[in-house]
Amino acid sequence: MAKTTINTAALYSALDAARQERQLSWRALAGKIGVSPSLLSRLGNGLKPDSDGFATIISWLRLPAEDFFEYEGERDAKDDRQPELMAQLAPLLRARKDLSETDVKYLQQIIGATIERARAQG
């Protein structure tokens with residue numbers, strides 16, 4: 001059975017991208033998220049967050065926790081399967097406040113057509 005851990009580098013990178021996009025200091029970002037600045041500092045030093053801190057951060061980022069998982073050891077072959085791309089993208093598109101329902105449907109059609117084309121060529 002594979003051991004699952006948190007990829008702190010990926011989590012820190014996602015936080016840094018969000019911080020830069022919003023033009024916030026690390027202290028201000030911690031305040032927006034609702035965690036202590038020391039938690040973000042520990043992440044930057046490669047230390048794992050506690051479970052409540054991790055849940056708070058991924059909830060604020062609006063990203064699935066699985067995006068930040070690492071697997072150590074042997075994994076079953078079935079674990080290497082990836083979810084359907086549209087199944088991953090659809091909730092992300094719908095969660096965007098800057099996209100109308102029409103925009104979301106249009107993007108889903110374009111992405112779906114692109115996936116089908118890639119499968120046909122592949």
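How many Å separate the centres of domain 1 and domain 2, taken over C-alpha atoms?

## Model and domains

This is a predicted model, in which local features need pLDDT of at least 70 and side-chain atom pairs count only at pLDDT 80 or more, while totals for chains, interfaces and linings use all residues. Residues are numbered from 1 along each chain as its sequence is written, and side-chain values use heavy atoms, with hydrogens and water left out.

The domain assignment, which is automatic or from a database, gives domain 1 (3–72) and domain 2 (85–120). Their centres, taken over C-alpha atoms, are separated by 26 Å.

## The largest pocket

The largest pocket holds about 560 Å³ of space. A pocket is an open set of points on a 1 Å grid over the protein atoms alone, where a 1.4 Å probe fits, with protein on both sides within 12 Å along at least five of seven lines, and lining residues have an atom within 4 Å of a point. Grid points are joined across faces, edges and corners, and the volume is the space filled by probe spheres set on the points.

Of the 14 lining residues, E21, R22, L61, R62 and R96 are the closest to the centre of the largest pocket. Two or more lining residues come from each of α1 (8–22), α4 (51–61) and α5 (85–95), helices being DSSP runs of H or I with at least four residues, numbered from the N terminus. The largest share, five residues, belongs to α1. Because domain 1 (3–72) and domain 2 (85–120) both give residues to this lining, the largest pocket lies between them.
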